[in-house]
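Dear colleague,

Please find below the structure that I am handing over to you, with its sequence.

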Amino acid sequence: MSTDDAAAVNFSELVNKNKQTLDRLRDFPHLLLHRRDGEDLVLTTAARAEQDRTVVSAATRMLAAIAQREPGRMELLLDILPDAFPWVRFLPDPDVHAFAVELVDTMRAADSVGNTASVAQALSAWQHTAEAHSDPHLLAVLSRNPEADYGAVPVPEHVT
């Protein structure tokens, strides 16, 4: 979310001046609530949230329809991916195709359950893969002995 489509306030302002703070939703579609002891929150109206969900669902269905059309099933999608995600240029060609298929499939599945977290995770994972391919030294290090088991990965600090 950009700062253009949200008003930003401290959470305490919502608690102490709730009516005045909520009135800002007339001028902005979202209200960004900064919290001292936790992750920031976004507040919006139910109608706006439903509009956002409708738009995401429509875009998902359109993307899936483009990808499934015959002839040229995925070619159009493969042609536009670098415009939408410039980092795909670092992926090998087979990975670009795999990314396109996974993206469409994940978006359709996520839309069916109304939760986009898996789409964000897939995009992040593929972007990190592209970042590894963009650095020849890093790619060489990561490609060395791919069958090796380096043990358990520690839980990141922000997850605990």
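**Findings**

Apart from its neighbours within four places in sequence, H34 is in contact with A8, V9, N10, F11 and D40. Please bear in mind that this is a predicted model. H34 lies in strand β2, which covers residues 30-34. Its C-alpha atom is separated by 4.6 Å from that of N10, although H34 and N10 are 24 residues apart along the chain. With a relative accessibility of 31%, H34 counts as partly exposed, since that class lies between the limits of 20% for buried and 50% for exposed.

**The chain as a whole**

Seven helices and three strands make up the elements of the chain. Read from the N terminus, their order is β-α-α-β-β-α-α-α-α-α. How spread out is the chain in relation to a compact globule? Its radius of gyration is 21 Å, well over the 15 Å that the globule rule gives for 160 residues, so the chain is more spread out than a compact globule. Along the principal axes, the C-alpha atoms fill a box of roughly 60 × 45 × 25 Å.

Of the 160 residues, 21% count as buried. The chain exposes about 11,500 Å², and carbon and sulfur atoms supply 55% of that area.

In soluble globular proteins, nonpolar side chains tend to be buried together. In the present model, the largest nonpolar core has 19 residues, and L77, L81, W87, L91 and F99 are those with the most contacts inside it. The elements that give two or more residues to this core are α3 (46-68), α4 (75-84), α5 (93-113) and α6 (117-134). Helix α5 gives the most, with seven residues.

Which residues does F99 touch, not counting those up to four places away in sequence? They are L81, F85, W87, V88, L91, L123 and W126. There is also a second, separate core of six residues, which includes A7, V9, L14 and L25. One of these, V9, has been named above among the contacts of H34.

**Two further residues**

E13 is found in helix α1, residues 11-16. Is E13 buried, partly exposed or exposed? At 29% relative accessibility, E13 counts as partly exposed. Beyond its neighbours within four places in sequence, E13 is in contact with N18, T21 and R24. The C-alpha atoms of E13 and L142 are separated by 48 Å, and these two residues are 129 residues apart along the chain.

Y150 belongs to the segment after α7 (136-143). Its relative accessible area is 66%, and Y150 is therefore exposed, as the limit for that class is over 50%. Leaving aside neighbours within four places in sequence, Y150 is in contact with R144 and N145. Between the C-alpha atoms of Y150 and Q51, which are 99 residues apart along the chain, the separation is 46 Å.

Yours sincerely

Note on methods
Residues numbered from 1 in each chain as written. Predicted model: local features only at pLDDT ≥ 70, side-chain atom pairs only at ≥ 80, totals over all residues. Heavy atoms only, no water. Core = buried A, V, L, I, M, F, W, Y, C linked by side-chain atoms within 4.5 Å. Buried < 20%, exposed > 50% of the residue type's maximum accessible area, 1.4 Å probe, protein only. Helix = DSSP H or I, 4+ residues; strand = E, 2+ residues; numbered from the N terminus. Contact = heavy atoms within 4.5 Å. Rg over C-alpha atoms; globule rule 2.2 N^0.38 Å. Areas by Shrake-Rupley, 256 points an atom, 1.4 Å probe, with all protein chains shown as cover.
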